[in-house]
Amino acid sequence: IVFVSSSAQSAGAPPVTSDLPTELVDRAAKGSAGAAVVLQEFADFECPACKTFSEGTAKRLEEEYVKTGKVRFEFKHYPLPQHEPGATRAANAAECAADQGKFWEMHDYLFQEQGLQGPNTFTASRLRSMGEALGLDMDEFNSCISRETHRQRILDDVNEARGLLVNATPTIFVNGKRIDSPSYEAVKAAIEAAIAGQG
């Protein structure tokens with residue numbers, strides 16, 4: 001039996017804003033596997049600056065570079081200690097949705113919901129209502145949530161981030177080179193330099 005209180009309800013799922021063809025979406029990555037430039041974002045679903053990056057800069061970069069085959073965009077989990085346990089719960093939920101081909105839909109939904117219930121935003125029951133709103137197979141999703149199926153995948157990203165001395169989110173790398181700022185201008189300049197360097 002699942003008890004759903006009114007506070008467990010989440011707002012409706014956001015509209016799908018990406019119209020990338022399915023062959024350009026690979027779990028938590030978007031773009032051509034053969035793209036000359038790889039952009040990696042280490043992010044936390046509870047981080048306000050990550051939400052800003054996701055809803056602004058990342059969308060612009062997708063239009064300009066991902067859709068055109070120039071850049072592959074890879075999302076990496078880096079839940080910060082001050083955002084626990086919600087941040088890891090949210091990361092696991094995104095990966096559980098990825099098992100059903102809906103990582104990016106859940107990614108956008110988590111950022112939309114961020115902070116709406118303070119520290120209780122990403123409780124198991126709220127995450128389940130989000131899975132339902134996305135039309136996921138709920139038996140599979142619930143099992144994945146309660147077993148924390150993707151704990152190791154998230155830990156692998158965290159260890160990779162620590163190895164790269166990442167200490168804040170979002171931290172952006174373009175072809176392995178850390179970008180000083182997650183601003184659109186800074187990331188675009190790094191992408192353009194990387195593309196020019198291919199020539």
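**Entry 1: A91**

I began with A91, which sits in helix α3 (residues 86-98). Helices here are DSSP runs of H or I with at least four residues, strands are runs of E with at least two, and both are numbered from the N terminus. The model is predicted: local features need pLDDT of at least 70, side-chain atom pairs count only at pLDDT 80 or more, and totals for chains, interfaces and linings use all residues. Residues are numbered from 1 along each chain as its sequence is written, and side-chain values use heavy atoms, with hydrogens and water left out.

Is A91 buried or exposed? I found A91 buried, with a relative accessible area of 1%. Buried means under 20% relative accessible area, exposed means over 50%, and partly exposed is in between, with a 1.4 Å probe and protein chains only. Next I looked up what A91 touches. Leaving out residues up to four places away in sequence, A91 touches F45, H77 and I154. A contact means heavy atoms within 4.5 Å. I also checked A91 against L110, which is 19 residues away along the chain. Their C-alpha atoms are separated by 9.1 Å.

**Entry 2: the whole chain**

I counted eight helices and six strands in the protein. From the N terminus on, I read the order β-β-β-α-α-β-α-α-α-α-α-β-β-α. The radius of gyration is 17 Å, close to the 16 Å that the globule rule gives for 199 residues, so the protein is as compact as a globular protein of that length. That radius is taken over C-alpha atoms, and the rule is 2.2 Å times the number of residues to the power 0.38. The C-alpha trace spans about 60 × 35 × 25 Å along its principal axes.

I noted that buried residues make up 47% of the 199 residues. I then took contacts between residues at least 6 apart in sequence: 77% of them join residues at least 24 apart. The protein exposes about 9500 Å², and carbon and sulfur atoms supply 52% of that area. Accessible areas come from the Shrake-Rupley method with a 1.4 Å probe; for residues, only the protein chains shown count as cover.

**Entry 3: the sheet**

In what order do the six strands lie? I traced an open sheet, β1-β2-β4-β3-β5-β6, with mixed pairing. Its edge strands are β1 (25-26) and β6 (177-178), each pairing on one side only. Two strands pair if DSSP finds at least two bridges between them. Strands of a sheet pair through backbone hydrogen bonds, either parallel or antiparallel.

I went through the pairs from β1. Two bridges join β1 to β2 (residues 29-30), and these strands run antiparallel. V25 has K30 as its bridge partner in β2. Two bridges also join β2 to β4, again antiparallel. There A29 stands opposite E74. Seven bridges join β3 (residues 37-43) to β4, and this pair runs parallel. L39 has F73 as its partner in β4.

I stayed with β4 (residues 71-77), where seven of its seven residues are buried. V71, F73, F75 and H77 point one way, while R72, E74 and K76 point the other way.

**Entry 4: α4 and what follows**

How many residues of α4 are buried? I found nine of its 11. Among them are F103, W104, H107 and Y109. Just after α4, G115 takes a positive phi of about 75°. T123 lies in the loop between α4 (103-113) and α5 (124-133). T123 is partly exposed, with a relative accessible area of 22%. I compared T123 with G197: they are 74 residues apart in sequence and 45 Å apart in space, C-alpha to C-alpha.

Most residues other than glycine have a negative phi, and most peptide bonds are trans. I looked for exceptions.

- R27 has a positive phi of about 50° and is not a glycine. R27 lies in the loop between β1 and β2, and is partly exposed at 24% relative accessibility.
- E148 has a positive phi near 50°. E148 lies in the loop between α6 (138-147) and α7, and is partly exposed at 36%.
- The bond from E84 to P85 is cis, with omega near 0°. P85 lies in the loop between β4 and α3.
- The bond from T169 to P170 is cis, with omega near -10°. P170 lies in the loop between α7 (151-163) and β5 (171-174).
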